[in-house]
Amino acid sequence: MKIAVLADIHANLEALRACLAHATREGATQYVFLGDLVGYGADPVACLGLLADYAARGALLVRGNHDDAALGGLCETMNFVAREATYWTRAQLGGGERAFLAALPYTARRDDLLFVHADVNAPGKWNYITSSLQAGRCMDAAQATLTFAGHVHHPSLYFAAGSGVHHFQPVAGAPIPLTGRRRWLAIGGSVGQPRDGNNAAAYALYDEEQRTLKYFRVPYDHLSAARKILAAGLPERLALRLHRGE
Amino acid sequence: MESTAHLRPGTQFAAYRVQEKLREGGMALLYRVAAGDGGEAGLLKVPKLEFGSHPACYAGFEVEQMILGRLAGPHVPRLLASGESDFGPYLVMEEIAGKSLAEFAAAAPLPAAEVARLGVALASALHDLHRQEVVHHDLKPSHVILREDGRAALIDFGLAFHGHLPDLAEAESEKPLGTPAYISPEQIAGVRGDPRSDVFSLGVVLYLLATGRLPFGEPTGMGGLRRRLYFDPLPPRRIVADLPEWLQEIILHCLEVRADDRYATAAQVAHDLQHPDQVTLTERGRRRKRAGPLVAAKRWLAALSAEPPPRRAPTAHLALAPQVLVAIDTDSDSEPLFQALRDATRRIVGGERHWRVSCGSVLEPSLLTEQEDGAEIMRGLHMQRLVELHHWAQPLGLPQERLRFHVLEGRDVPARLIEYARASHADHIIIGARGSSGRRRLLGSVSSRVASEAPCTVTVVRVSHSAGMNTERADA
């Protein structure tokens, strides 16, 4: 079975639809959404509607920090722009959407795969995995052959070896065989708000039979997504960010 | 789990039946196996995963499994099967029939022509590997098999690097990876993924075949390994007095300490070995002794302050050194077309640092050359054509060492050009399209056949209509 793993959608309906269509073309039959379904983008309700359909058909979803924030509470750890976006998002969500987000778990497991938004070590603390050391701790806590995480918005692959944990910068479209005798941590990049200088949406596809992982970049109509952000009165910087991919 | 060492003949292993144990190395076991369902026989490789085995045993196996699965073509064994069995992980690959290059090396020193023949086969195999994004990193005679058809196949990819895959080999070790006698200076410094590292090892192999000696011996410690960063090998002509200068030039060009000073691609080595008369001789070819301690000291100082080179994928390295073939028909092409071909050549090689341009032309035998003294006439025509090619290239103002000239012979012009492009690993062919000449109506278009059958990119150059009209007006 081919599993599409989509992280950090951030209420970007155009990017989500483009990635889902791409994954379908690539033969995906199972879907996992790695949290931060909302926040920043202008389409939280439409995105959650679409994701609820996937959930009803067996997709796995986990909770991200922006999903958490959209449910209420103080957002003092967030920057000004993220806070603005969170308040705006809260105002859009109805009871159904809130219940959907509130039911999201922090982690999900499927056989030897573990899914988390930020860091398995302390899922609710929302740590960023930006070093091999952190990646190693995350893999230790996961106790799985392959862990998928989001949150950092940069596609990456970490793997355990004799001399420690190593980082690899994946090449879009190139299949990477992942042997079952070492541990791997895959960060597929962000669907709805790429930040690595490439404005195309990012996601990963794992082929269970072949044990291969592919990272993809999917160009989408980022201009429409940005226009909606401006029309909604969200901070201009969020629109610009989609255009620049940073 | 049973130990893999106990696979006896007749044991059923996945879809294969074990026939015999071929080799038990430090890291893996190799068996010859037959397919149970009448499929292809092959070689079964299983890593040694016993208690106390070094983790690198498995990493080397994993790398080979991963990389063989991504390679294709006549220069590598095909991966027939791989996976997990009751005995642990395994892979089955094609058994390549032929003779190990180690057997040739045992008979060294070999005659220059034989060294060149083997070198062309090996360099072509390497270039094909590099084009598939892989650097071998452990090239030595025992890892090369000469097929009966003369082509070389590379084996043992346990230390290989793939530009699109995680470098599992490097991750397993803090020490330089490779065989001490053959390893390149940058590999010693821990830099991996540069195809020119294989070009260096190719130089070591050529040196061995030509002289019967290893240029840097077989050092065991780090100090011995690092000597090649500062000290030149003894010039091969000091060992074999009648070794031609061109061969010493090629070998020492491969063995330059700095990767930037070496051949940019294995294809360039293959091309020079195929056409010794076109090798530009420098001091390297004529050298009688190694550089003195002053040069060694300079290199030592330079190595101290050297910046690590920019990381590039293997194919990105090759892209810096394209091989361009310009097909020129000096008999039929017109001056405006010659000019247009030069313009296109300038545009295509502009900006690339290590490109090479081969100017090629096909001489067709005619009634005249089939007479009694035809061979003499053909020689004259050949020389005339060569002079014309030089004349065509002169206005380009390109450095001589980047240019090659070749007059090919044959009736089937497109087939000869394509064959030459294949042999010289051309990345790009530039060819002129003639207008609607009677010849073209009669024989079909050469350029369109080249464009459709060539193994690489083809640019068909046409003189624009308005330019033609301008010429007419100027004439009027």
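Predicted model: local features only at pLDDT ≥ 70, side-chain atom pairs only at ≥ 80, totals over all residues.
Start with strand 13 of chain B, which spans residues 356–363 and is mostly covered, with eight of its eight residues counted as buried. The cover comes on both faces. On one side sit B:Arg356, B:Ser358, B:Gly360 and B:Val362, and on the other B:Val357, B:Cys359, B:Ser361 and B:Leu363, all of them buried. So the charged B:Arg356 is on the list of buried residues too, given that Arg counts as charged.

Strand 13 of chain B also has partners. Strand 12 of chain B, residues 323–327, pairs with strand 13 in the parallel sense, and five bridges link the two. One spot to look at is B:Val326, whose bridge partner in strand 13 is B:Cys359. Strand 14 of chain B, residues 403–409, runs parallel to strand 13 as well, this time over seven bridges. Here B:Ser358 of strand 13 stands opposite B:Arg404 in strand 14. Both B:Ser358 and B:Cys359, then, are buried residues of strand 13, with B:Cys359 bridged to B:Val326 and B:Ser358 facing B:Arg404.

Now for the contact between the chains, which draws 14 residues from chain B and 13 residues from chain A. On the chain B side, helix 1 (55–68) and helix 4 (168–171) each put in at least two residues. Helix 1 of chain B gives the largest share of that side, at five residues. Sorted by class, the chain B side holds eight nonpolar residues, along with three polar and three charged ones.

Terms used. Residues numbered from 1 in each chain as written. Chains lettered and ligands numbered in written order. Buried ≥ 20, exposed ≤ 12 C-beta atoms within 10 Å, placed from the backbone. Helix = DSSP H or I, 4+ residues; strand = E, 2+ residues; numbered from the N terminus. Pairing = 2+ DSSP bridges. Contact = placed C-beta atoms within 7 Å.
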